[in-house]
Structure formats: structure tokens, C-alpha cells
Amino acid sequence: MNIENLKRARENAGLTQTQAAQKIGVSDGTYKNYEQGKREPNGDKIVTIANAFGVTTDYLLGRPDAKEPADPIDKLMTVDEMEKDLLREWLSLDEASRKSFLDVLRKIVAADQKRQTAASKRAAYLLHRLSRHKVSAGLGYNLDDDDNWQEAEVVETAAVHQADFAVEVDGNSMEPDYLNGDILLVQSTPTIEVGEVGVFTLNGDGYVKELGEGELLSRNPEYDPIPIHESDSLQCWGRVIGKTELM
């Protein structure tokens, strides 16, 4: 018997050595001896193996005119080449390796389901004053428009109930604390302390920045401070007390 053909036929059939032994009615040790060339099955057993693996006896015996059986994976029309390679790798694993892989996969799936469940349980809160203007963490937008407000459903947090209004961040100059697209929760106040983060209008442009000594500061070191001159028009809209996200 050709042991390479025997092994290839078993793998193409998607069987481990243990499963193959059970399918043809021999012990694990006996089957392993077949694949190692330490023992030869008799004629009847070769027929049994051929039928179990879906090949011909000529193929198992390694006869020159025997055709190699078509790989069943190649017949899967809805699977791309990478997936076919993964299936072949899977079929080549022994039973213990398959079990270990499945254990890891189950843990990954369970963790993802847990995250999705937690997300679905988040309470929604109807925020009544979300500015239609984004506030820049970069170049600035005009925020001085009291009529442009909208309602929005956001994730409920403790800070949501303390906020007077909210604005969406546009830009990355306040990373890593405030990211592009974050919904900032703001308490209205005309002044904040140095070191606090607030929402400002400077010469008509809206910013979310940390207040420094005579300047507006970014948290992202790639951005230079914005100096505040005596001739500038600066308005503080409020103190940033937290952030949330749209539902």
C-alpha cells in the first residue's frame, strides 16, 4: 500500500486517524501502523478503506495508472482560495489540535457576544440641545448661532444629566482625550479655570480646547497653541464635563 496516498485520502475525507480507524473498524494503533508502513491491510480491508475514503483501491496501492481523486474542497464553488487553504489546513490537524482550536474560537465568540449584549443594554437618553455645528479640535467652525440646535438620542451617562448642551468634535487636535466624532457634554459657564477644557468661540470660530495662560491648548502635541491677543474676541460657552455617543 502507498502510505502517502493513504494519508492524503484520509485527509481529503476530513478524517483524523482516530476517526478513520473507527470508520474502517480497526484500533487506533493498527491504523497508525498502516500510515507508517509498519503493517499492511489485507485485500478486504483495502476495499473497506477505499470505500470509506472515497478513492479506488488502485489509488491506495499506488498503481501508476491510478487517477488521484479530485479534491472535494476544490468543488466548493462559494469558497475563495484562501478559505480553501484554511479548510485544507484544518483537515490536516489531528483531533487534539482541532479541539484546542475550537476551544479558542468558542472563547472569542463568547467574548464578542458578551460585548454585544452589554452594548444592547445601554440606556438611551434624549438630549435636547445638540449643536448642529461641530466644534473643531482643529481648524474651527462658527458656533455662534443660538437657533441651530437639535435633539439626539445618546448613551445615558451621569454627566448627561448635568450637561446644558452638547457638541460634536471635528478634528484630532484633542486626541487622545477627545476624538473626532465624540459628543462632548458641556456645562454652560462664561469662564473656566486654566487647565480645564472648554468650548470657545475665538474670532467667530468654535473650538474645544484646554484653557492655558493667554492661549488655547491642544492635547495632541502635533498642534501649536492658539494665542489669545487683547484685540481678539473670545467667548467661553462652557466647561466640558464628559462625553457620550449617539445611539
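**Helix packing and nonpolar cores**

Apart from neighbours within four places in sequence, Tyr 31 contacts Leu 6, Arg 10, Gln 17, Ala 20, Ala 21, Ile 24, Val 26 and Phe 53. These contacts are taken from a predicted model. Tyr 31 also belongs to the largest nonpolar core, which comprises 18 residues, and is one of the members that touch the most others, together with Leu 6, Ile 49, Phe 53 and Leu 60. At least two residues of this core are supplied by each of α1 (3-12), α2, α3, α4 (43-53) and α5 (57-61). The largest share, five residues, is contributed by α4. Another core, of twelve residues, lies apart from this one and includes Tyr 178, Leu 184, Val 199 and Trp 237.

Tyr 31 also takes part in the packing of α2 against α3, in which Gln 17, Thr 18, Ala 20, Ala 21 and Ile 24 of α2 meet Asp 28, Tyr 31, Lys 32, Tyr 34 and Glu 35 of α3. By class, the residues of this contact are five nonpolar, two polar and three charged. The axes of α2 (residues 17-24) and α3 (residues 28-36) come within 9 Å and cross at roughly 110°. The two helices are therefore roughly perpendicular, since angles of 65 to 115 degrees fall in that class.

A further feature concerns the backbone. The peptide bond from Glu 175 to Pro 176 is cis, with omega near 10°, whereas most peptide bonds are trans. Pro 176 is placed in the loop between β3 (165-170) and β4 (183-188).

Definitions and conventions
Residues are numbered from 1 along each chain as its sequence is written. This is a predicted model: local features need pLDDT of at least 70, side-chain atom pairs count only at pLDDT 80 or more; totals for chains, interfaces and linings use all residues. Side-chain values use heavy atoms; hydrogens and water are left out. Axes are lines fitted to C-alpha atoms, for helices over the stretch in contact, and angles run from 0 to 180 degrees between N-to-C directions. Helices (H or I, at least four residues) and strands (E, at least two) are DSSP runs, numbered from the N terminus. Angles under 35 degrees count as roughly parallel, over 145 as roughly antiparallel, 65 to 115 as roughly perpendicular and the rest as oblique. Contact means heavy atoms within 4.5 Å. Ala, Val, Leu, Ile, Met, Phe, Trp, Tyr, Cys and Pro count as nonpolar, Asp, Glu, Lys and Arg as charged, and the others, Gly among them, as polar. A nonpolar core is a set of buried Ala, Val, Leu, Ile, Met, Phe, Trp, Tyr and Cys residues joined through side-chain atoms within 4.5 Å. Buried means under 20% relative accessible area, exposed over 50%, partly exposed in between (1.4 Å probe, protein chains only).
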